[in-house]
Structures are given as C-alpha cells and as structure tokens.
Amino acid sequence: MRVRLFTLLVVPAAASLILASLIVMERKADHDAAKTASAVAALADDVAALDKALGDEALAGSRLVQFEAAQSRADRLELFALAMQVTDQQLGRVSARLASWSYHPEMTSAVAVVRATLTFREDVAGGTVSPLQILDRYSYVRGSLLDALSTQALVLSTARSQQQLLALVDLIEVRSDHLDERVAVALARRYDRWAPGLHSAVVGSIASQNDHLESANRFLVGDGVEPGPILAQWREQIVVSSDAPAVNARAWAELSDEWIATLDTEIEEQQRWTTDHLAAAESMAAKTQLATLVGVGLALLVAMLIASVVSVRLVKRVSIITRQARRMAAGAATTKTYPHVRGGDELGQLATAFDEMMTHIETGATNQWIESTVLESIVQGASLEEIMAQAVPLLGTDEHGRPGYRFTWTDELPVLDGPRVGPEDRGRGPRDLTISPANSSSAPSVPNLPEFRTAVGLVRMALQRDADHAKLAWQASRDELTGLLNRGAILGRALSMAEGRPESAAAGQMRSGRRRPALMYIDLDDFKGVNDQFGHAAGDLVLVAQSIRLSKLLERWDGIAGRLGGDEFLAVLPAVESEQALADLAERIVDELSRPIPSANGTFQVGVSIGSVLTRLDVPGLKLLNEADAALYQAKKQGKGKALVSTEQLRSEFVETEQLRRDVLEGLERQQFSPWFQPIWGEGGTSLVGVEALARWHHPVRGLVAPGVFVPVADELNLLPRLDRLVFEAVCRQIVAWRHAGHDLRLAHFNLSTAWLEDPEFVADACRILTATDCPPQAIVAEVTESGLMTDISSSSHRLQALRELGVRIAVDDFGQGYSSLAYLSDLPVDVLKIDRRFVARIDEEASNQAIVSAVVSLGDSLGLTIVAEGVERPEELEYLTDAGCDLFQGFLLARPAPIVEITSLLGRSRAVGADGSPGGVSSAAGPPPLRLEPAVDGEQRCG
C-alpha cells in the first residue's frame, strides 16, 4: 500500500518538477539571450569604433596621395600614422572582445580580413598604391566587418533586441558608406575625372545610405539624421554628373564632416540607449529567473507537505484494516475497524465492508464447525435423531432464541426383508425432505439461504446413509435377479440349520427327534435350451417365475430358498417329519414348477429335478449338502422331472462314486491306463490291415476295468483330454516298437474324445507326441464319434483339417446314429466311415439295416471313403457285408480286443504265414480265418 501511495504521489511531483524545470530553463534561456544581446551590443560599439578608425585611416590615406608639397606630405604622413595607431587600438579591442566570447566564425574571419588588409599601409605611405586601390580595399574591409556584425546581431540576440541592434548596425553602415562616398569624391576632384567604376561605387554608396537611413527610421531611431540640404544637393549632382563633380572641396569636406559628426552623435546615442536597454533586459531576466526558481521551490515544498500529510493519513487507515485482516487470517480475535477508520470515502466503505465480512466469516466458522460435527456423527453411525438435533442450529432461531425451523420428510425407509422380485422394491431411499416452521407463529415461508441448503444436504446424507446400509444389507444376502437369498446366505442358513445352531423351535424339535430340518437341491431341466433358443432375457424370465413359485410353496412350511447360481437353487425346510414327507413335498414342487410359464414370446415348459436330504445330528452340514447334491445327480441320471431323497442306498452309491472318482484320478497319476487293441480285417476278413486302440484300466484292487465304468467318471472330472493324451502316446510308441520288431502294421485307429478335440492345444499336443515318439502320422487313424463331430462342426472341422494336414487320417465312428451327418459329410475332412454296430447286427435278416448299409456303402464309393463295418459277430453278417461292398471288418467274430502281448503274437504268426504262403489263422468265435498282413505304405512322412 505504501509503495502504491508513494507511486501515486511521486508521479505528479515528478511531473510538476519537470514542468518547473522547463519554466526555469525557459527563464534561463531568456536571461542567456539578454546577456548575449548585451554582449553583441558591446561588440557593436567596438566594431563601430573600428569602422570609424578604418574610415579615418582610409580618408587620411586618400589625402596622403593628394599631397602638393613636401611639407604637406609630411603633415599628412603624421596624420596617417595617427590614424593607423587608432585603427590598431580599435582592432585590439575587437580582438579582445572576441577572445572573451565563444567562437564565432563570421566575426573572426572579418577581423582576420581587417588585420590582413592593414599590411598595405606601407604601400599607402610610400605612395605606391593608387587611390582607387585604397578605396576598394578599405571599403571591402569595412563591408566585411559590418556584414559579420549584422549576422551576429541576427543570430545571437532575441527578436526583441534585434531591432535596436540592427538600427545601430544600419547607422554604422550609413557612416561607412558615406566615408566611401567622400573618399571617392575627393579622389575624383583630385584628378578631375572619375576613375573607372568609381562613379558607380559612389552611386551605390548614396543608395545604401538612403536604405540604411530608412531602416534606422523604421526601427524608431530619433529624428535629425538626414544629411543637410546642401550636402543632399551636392550628392544628387554627383550622382547625375558624368564628369568629375564640380563642388567646392573645402565646403564638401566641411559638410561631410558635419554629417559624419551628426552620425557619430546618433551612433553614440543609439549605442548608449541599446546598451542601457539590453542591460536592463538582462537584469530583468536574471530577476525573473531567480523569482521563478524560488516560486517553483516553494510550490514543490508545499505540494510535498500536503502529499505527506495525506499519505500518512491514508497509510494509517489502511494499516488498521491490514492489521485486522492479518489477525483474522491468523485466527486471533479481532475488533471492529470502522470506529478507527471513519469516513464516507472509499476507505470508510472498505472498513464497513471488512467488518461485515468478518461477521460473515465468524458465522461461517461456526456453521463449518457444526457441519464438521454432523459429518463426523454421520460417519460414526449416530442415529438420525442425533444428527438432526446437531444440524438444527444451522436453521437459526426465532426472536425468543428457540429453533425456528424443523426437518420433515414424507416417506420412511423401506422394509427390505423377504423375497423381492421386482426392481421397484429394491434400494428405494427417503424422498421429499423439507424444512418447515417449528411453530405456527414462525414465518410461513422458508428462506433460501446457503445455511438451510447445507442443513438439508447433511440430513439427506444421513437419511441416504441409512437407506444405503439397508440396501447393502439386503444386497449382501440377496440374489440380484430373483430376490432370493444368494449363494453365501443360503449356504450359511443351510449349514446353520443342519447343524442345529440357531436357538429356535425348529432346533428344539430337531434335538428331541420329532422333526428335523431338510435340505433340497433344485435344478431346472432344459434351461440351457431356453437361453440358447430365446436369449438370456427369456432365461431370466423363467428364473424369476420359478423363484416366485418356489417361494410361495415354501411359505407353507416356513421354508426359505436361495439361488446358488445359474439354474440351481437350494431350499431349507426347518422341520420335516420323515423322509416320506420330504419326498411328497419334493414331488409337489416338481409338479408346481413343471407347469407352463406364459410370456410375450410364447409359453415355456421347464421342469425341475430335485435331490433332498433329511438332516441327521451326527452328520456335518457339508456332508449333508453333498448327499443332497448326490441325490440330485442320481435324479438327473434317471431322467427329467425326478425327485429323489437321499437314502442309505443312495448314500452308499454316492460313497462308491466318490471312491471311483478318487481312483480314476490316482490311476492317471500312476499311469494305470494302457491300450488294448482289436484287429481290423480286410478282404472278407482274411487280411489283417490294422488295429483299433481301446483304453483299459488295470486297477490293483478292482482288476481290469472296462471303459464303460471309468470313461463317464473321467468325463465328469474333465480328465478325458489327459486320458486321451496318455493313451495316444502309448499307441504311438507301440506302433514304432512293432515296426522296429519287423511287424509292418499299416494302420492304428485311436478313439478321439470330443473333450480333447475341443481343446485349443489339441493339434499342437498331437504333433508333439508324434514327433517325440517318431511315429509316422500316416499310421494313425483318429476316430471321432458322429455326435461329437456335430457338437461344434465349424471348430471341429478346422482342427480335424489341421490334424489331417499332418498326415493323420480321420474316421467317423458309430456312423448312422445322427440325423444331420449326410448334410455336412462333404464338407468334413473324413477318410473312413465306421458303420454303427446296431445296423450290422442280423443284417442278413433285417431289410431296414440292409438298406442303410447299402446307402452308406454307395455314399462311401461316391466320396472315395473307406467303409468299415464294426460289431461283426456272425458268419452270415460277414458274408453279407462282404457282398455289400464293405472294405474292412471288425468284431468278435474275427478277433476280440487283446493286450499288447497277444496282438504282438498275432502279428508274428501273420508274418510267418505270409512268408511261406501256407494258411494260418487266429482263434475266434467263428473259427480261424486265413490271415494276410498288409505292408505299410511307402513314402510315409513324419510330423513337423
């Protein structure tokens, strides 16, 4: 503030100082001009004296050359010498005057010309120069001197002093011109004739005198400076005369002397008057300059005093406000500033505004403290009544100090308990919170103040907090779609109820043995088809509808239900008398949930399967849940719409199934699985062309386990890809071992599961196994079931094509079971078709089977596929299939699946038979057919 005030005061002071300086400089310039004019006037006096001396010397010189006798010449030489002395003295005065000045080129040059001209004096005294030369030289010298003086008067003086100086110069020039005129006339009279050009010089002198006299009179020079009448008459005669003027020399000289005396008098008066006038002007300029300096100094002093007083007062008032503002910023107590900064000016208004702002800040600080207190209470979970009581002070008080307003709202928190299906029943909070007068005497309207809005926001925050807590508590235990209990909540209820932890009537009945809780797993049938065919919106509709039905049914038995995920539900019944009562209830639920579900897209028919268990005191809850899950699994296996209660028999089967699962997993870990091989025959069953690998489980306790036992378990545990890789690697190694032993086996069929085919790493795994075992891919035929091939035909076709590009052949097993195989067969990478065994059985007697086989053989011929008939068990079937055109045969009639040792022995006997050409055979149900082992194809390539 001080800096700004200082700036505001200094700027005008600086401007005033600059203005005063300009005035002082102007006064100084006037004084300098007056002083210079006085100096020019003094110089004019000296130049006038020098001009007179030069004129006298020129006149004396002209007389010297006119002598008539020696005495006369001597006198004139003396006069000339005296004139020379005077000229030297006057020249010294002018030189000294110029030396005290600054350098003036014109005047200095003129003086130098005068000094140079005076070197002619000896020639004049000796009479060696002509009078005309004397006239020209001295006239030129005086003219140069007077011209320089006139220039100085114009340049070095002010306009006011130029008139006097120029008038003085004009008078001096009049006298100088007349001296030139007098010398010229005297010389003309002496020689009684005009010298060449001399007459015109006289005429010019007369004209110049007249001009200078008019100029002097115009500058208000005194009267009486005109030449006398006789002199004027003679001058006119001289001008008009063409011969030497006929005038009396003595009279002319006397008149001329009188005229020169008159001019000298005027020049002296003019010099004196000019000198006095300019000296007075110089004195006045000096006094004016001093007065100006004094006035400006006093004005500046007064201005600084006034500015200092004003600035001190302003700074003091501003300092009071600044000090209070700093105290307020530091949090210290402050007082009112207006009593100390009174006034109606801007500072007084600022003090008033500052006091009002301080009041608002104090009020705001109080309100902020209230707000922070309320916020802290909201975070700490204080009750709604406590929060409203803390926020009411923000609404202000009436004239009696009582609360003037109160909070009201038009809706309460919703009750979020029980099943909720519609989204409108979830998450609704309080609405229409308002402020109303606390009593009837208060103002009917509520002011729209920031404090009121803040109070409403805080209470709304507390109300929303309670609503959010209720909503979160509901959401934490409820399924978002159906409104039933979610997985965690229903499992918690189930375990708690099953183990008898809750202190309730149901728990007491359970301990007394009269009633027991029951657990019920419920799974929708064909629900995936609804999602796939109609979309997830339709699936959600089905789930919601079934949830509503289930909730209404369970309400009769005080039961609760929850959604485990997807289309699976879990129901908990607190008290059930017996397993039969539980079975009856499950059947009623199946019937109710199997009713059609109407919708905008039509009617959905979705049944349910149920597995339930009646709890037992000595059984943990998790085990009971597993028993219910096992019952549901058995119900699903028996078909759709079944309800089973976990009995001793089911529990035993469950235990057996669990043990079988563990054994399968352990068998894979210990590599208890290995391939058996069933031969494949050609040429009517007489030529061994390949084998089919079939997985067998060699369990140390169970013995040899058939695939029908362990394959479903492996599929359920998602272990089929692992099992396939293990068997496939064993097959590849065995083929290589046989070939190294000299057994040229052409083909080895391998059953490829859909699970491994759908694995993204299937092709890479197969190629890695073929490379690691050094097995030629052309020796492998991968068999894929028709149903597995149709699951995802595009993906399956892509992977099979990649496998085929490695050299592996592709066969379709159990061909004929599907109904859409023929439509896609031309697009699939297939090399072999294996006719399903049900079409081979008793084909010699069944016309329908004959037609199907005939169609398949014709299809294979048209597509260039190899046809394999599997399941051949009677000679009649073999004979008919051979006549029908089948390429290869497989079945118990020809050979049963056998371990590696027996197949190796069979291959050895086949090679022996083929070596000597004698018949041989292998025992089978139909007798030993003749054998011929087909050699391996040439040009086989390796994977990679």
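**Exercise 1. Find how far helix H12 reaches and which of its residues are buried**.

Step 1. Helix H12 covers residues 450-477, 28 residues in total; helices here are DSSP runs of H or I with at least four residues, strands are E runs of at least two, and both are numbered from the N terminus.

Step 2. From first C-alpha to last, H12 reaches 40 Å, close to the 40 Å expected at 1.5 Å a residue. The expected span is 1.5 Å times one less than the number of residues.

Step 3. The buried residues of H12 are Phe452, Ala455, Val456, Leu458, Val459, Ala462, Leu463, Arg465, Ala467 and Trp474. Buried means under 20% relative accessible area, with a 1.4 Å probe and protein chains only.

Step 4. To read that list, recall that an α-helix has 3.6 residues a turn, so residues three or four places apart point the same way.

**Exercise 2. Judge the confidence of the model**.

Step 1. This is a predicted model, in which local features need pLDDT of at least 70 and side-chain atom pairs count only at pLDDT 80 or more, while totals for chains, interfaces and linings use all residues. Residues are numbered from 1 along each chain as its sequence is written, and side-chain values use heavy atoms, leaving out hydrogens and water.

Step 2. The mean pLDDT (the predictor's confidence in each residue, from 0 to 100) is 77, and 78% of residues reach 70 or more.

Step 3. Confidence is lowest in helix H14 (residues 505-512), with a mean of 48, and highest in strand S18 (residues 888-890), at 95.

**Exercise 3. Describe the largest pocket**.

Step 1. Its space is about 840 Å³. On a 1 Å grid over the protein atoms alone, a pocket is an open set of points with protein on both sides within 12 Å along at least five of seven lines; a cavity is a set where a 1.4 Å probe fits but cannot get out, and lining residues have an atom within 4 Å of a point. Volume is the space filled by probe spheres set on the points, which are joined across faces, edges and corners.

Step 2. Of the 33 lining residues, Leu694, Pro707, Val711, Asn751 and Asp813 lie nearest the centre.

Step 3. Strand S11 gives the largest share of the lining, 5 residues.

**Exercise 4. Describe the largest cavity**.

Step 1. About 50 Å³ of space lies in this cavity.

Step 2. Its lining includes Phe728, Trp756 and Ile780, and helix H23 (762-773) and S14 each supply at least two residues.

How values were computed:
Buried < 20%, exposed > 50% of the residue type's maximum accessible area, 1.4 Å probe, protein only.
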